[in-house]
Amino acid sequence: MFGISIYLSENNDFETTIERASEKGFSLIFSSLHIPEEDPAHYSHLLTRLGNAAKAHKMQLILDISAESLAHLDLTIDQADQISKLGVTGLRVDYGLNIAEIAKLATKIKVYLNASTINKTFLDALLQAGVDISQVEAFHNYYPKPHTGLDIPFFKQTNDFLHQYGLKIAAFVPGNGEKRQPLYAGLPTLEKHRDIHPFAAALELKTLGIDHIYIGDPSLQPSTTDQFQAFQQNSTLLLDCQLDNDLDPQIQQHLLSPDNNRMDPARDLIRLEKSRPALAHLNIPAIPSRACPTGSIMIDNALFGRYQGEITIALRDLPAESKSNIIGQLDPAAIQILPFIQPGQIIQLRLHN
């Protein structure tokens, strides 16, 4: 599932943000009660607004807390479950709580632990304390400061370990709309994702064992939000591209319609399975060939015989091929998505605005 992040500030119209996110298929909200840049004096009424909006759109609301931040709501750890009356469905606890307190809290509300810092000793102690593991999940941090995000080997090892205990895991990707203060450098879990397109980063997190993916920054560009929606609805990957201006209308119509990668995926190419049956009747003359960089969109011409009409996308830099015409090019952000296209994956090209 996909989620958004909401930060509790007076000038944040998060009701509108939540409504739009819900319409696009997002079902999770992350927020925090210990953000140094915000005024804790406003937390109580802002959290009430946030909880009401979450309940109105049937979205889960996970709140990052500590004993100190709960005090701003006139609550103690023993009373933390009362926060569920405001629409909060889970509490992320990072520091300041002992094993007994976490186990007790988990009997009242779902608890999210810091995925990057818990270990076998901690989890075994939690189980010995009688915690219901179905009431516990793991949640990685985001890292505002450049060069401080996690590396993949540690991340994957940690996720494999947590899944052995049956824990679901959440992590963050950066946004590509408004960036979060104070550094405005993105809020990823993995350092390699800091400057990566959010949707490509989310697809990589899925391959690394992440169950719930949150946008760390306050917003996404609308075109990126549409990519998350299409994937959530029917696993379609929207790929932005540019096509030749003089392209045959029938070819362009097919290119901009859903197709799928073949179930027997090629090493070097995405092969759109429905293209050859749909376009084989056309006479596609060869045009002067040139080298095919990664992301080139091609169609096999008459020189390829029975393969005429098959549309392919280059997964790597390829040499010139006289039997294939280059008819377009994926945008750089779409090229970042290519490694995560699965066998049978639904693909739909989208003209870059």
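Modeller: Let us begin with accessibility: a residue is buried under 20% relative accessible area, exposed over 50%, and partly exposed in between, computed with a 1.4 Å probe on protein chains only. Ser235 has 36% relative accessibility and therefore counts as partly exposed. This is a predicted model, in which local features need pLDDT of at least 70 and side-chain atom pairs count only at pLDDT 80 or more, while totals for chains, interfaces and linings use all residues. Residues are numbered from 1 along each chain as its sequence is written, and side-chain values use heavy atoms, with hydrogens and water left out.

Colleague: Where is Ser235 found?

Modeller: Ser235 is in the loop between H8 and strand S9 (237-243). Helices (H or I, at least four residues) and strands (E, at least two) are DSSP runs, numbered from the N terminus.

Colleague: How should I read the backbone angle phi there?

Modeller: Most residues other than glycine have a negative phi, and most peptide bonds are trans. Ser235 is not a glycine, yet its phi is positive, about 60°. Lys58, also not a glycine, has a positive phi near 55°. Lys58 belongs to the loop between helix H2 (43-56) and strand S3 (60-65).

Colleague: Is Lys58 buried or exposed?

Modeller: Lys58 counts as exposed, because its relative accessibility is 76%.

Colleague: Which peptide bond is cis?

Modeller: The bond from Gln181 to Pro182 is cis, with omega near 5°. Pro182 lies in the loop between S7 and H7.

Colleague: How does one read the faces of a helix?

Modeller: An α-helix has 3.6 residues a turn, so residues three or four places apart point the same way. In H6, the buried residues are Phe155, Thr158, Asn159, Phe161 and Leu162. Seen down the axis of H6, these buried residues fall within an arc of 165°, so they line one face of the helix; the arc is taken from the directions from the helix axis to the C-beta atoms. On the other side of H6, Pro153, Gln157 and Gln164 are exposed.

Colleague: What do the buried residues of H6 pack against?

Modeller: They pack against helix H5 (120-128), strand S6 (136-139), strand S7 (169-173) and helix H7 (198-207). Contact means heavy atoms within 4.5 Å.

Colleague: How is the length of a helix checked?

Modeller: The expected span is 1.5 Å times one less than the number of residues. The 13 residues of H6 (residues 152-164) should therefore span 18 Å, and its end C-alpha atoms are 18 Å apart, which agrees. H6 is followed by Gly166, which has a positive phi near 80°.

Colleague: How are two packed helices described?

Modeller: Axes are lines fitted to C-alpha atoms, for helices over the stretch in contact, and angles run from 0 to 180 degrees between N-to-C directions. H7 and helix H8 (residues 222-234) pack at about 35°, with axes 9 Å apart.

Colleague: Which residues of H7 and H8 meet?

Modeller: From H7, Pro198, Phe199, Ala202, Leu203 and Lys206 meet Thr224, Gln227, Phe228 and Phe231 of H8. These residues divide into six nonpolar, two polar and one charged. Here Ala, Val, Leu, Ile, Met, Phe, Trp, Tyr, Cys and Pro count as nonpolar, Asp, Glu, Lys and Arg as charged, and the others, Gly among them, as polar.
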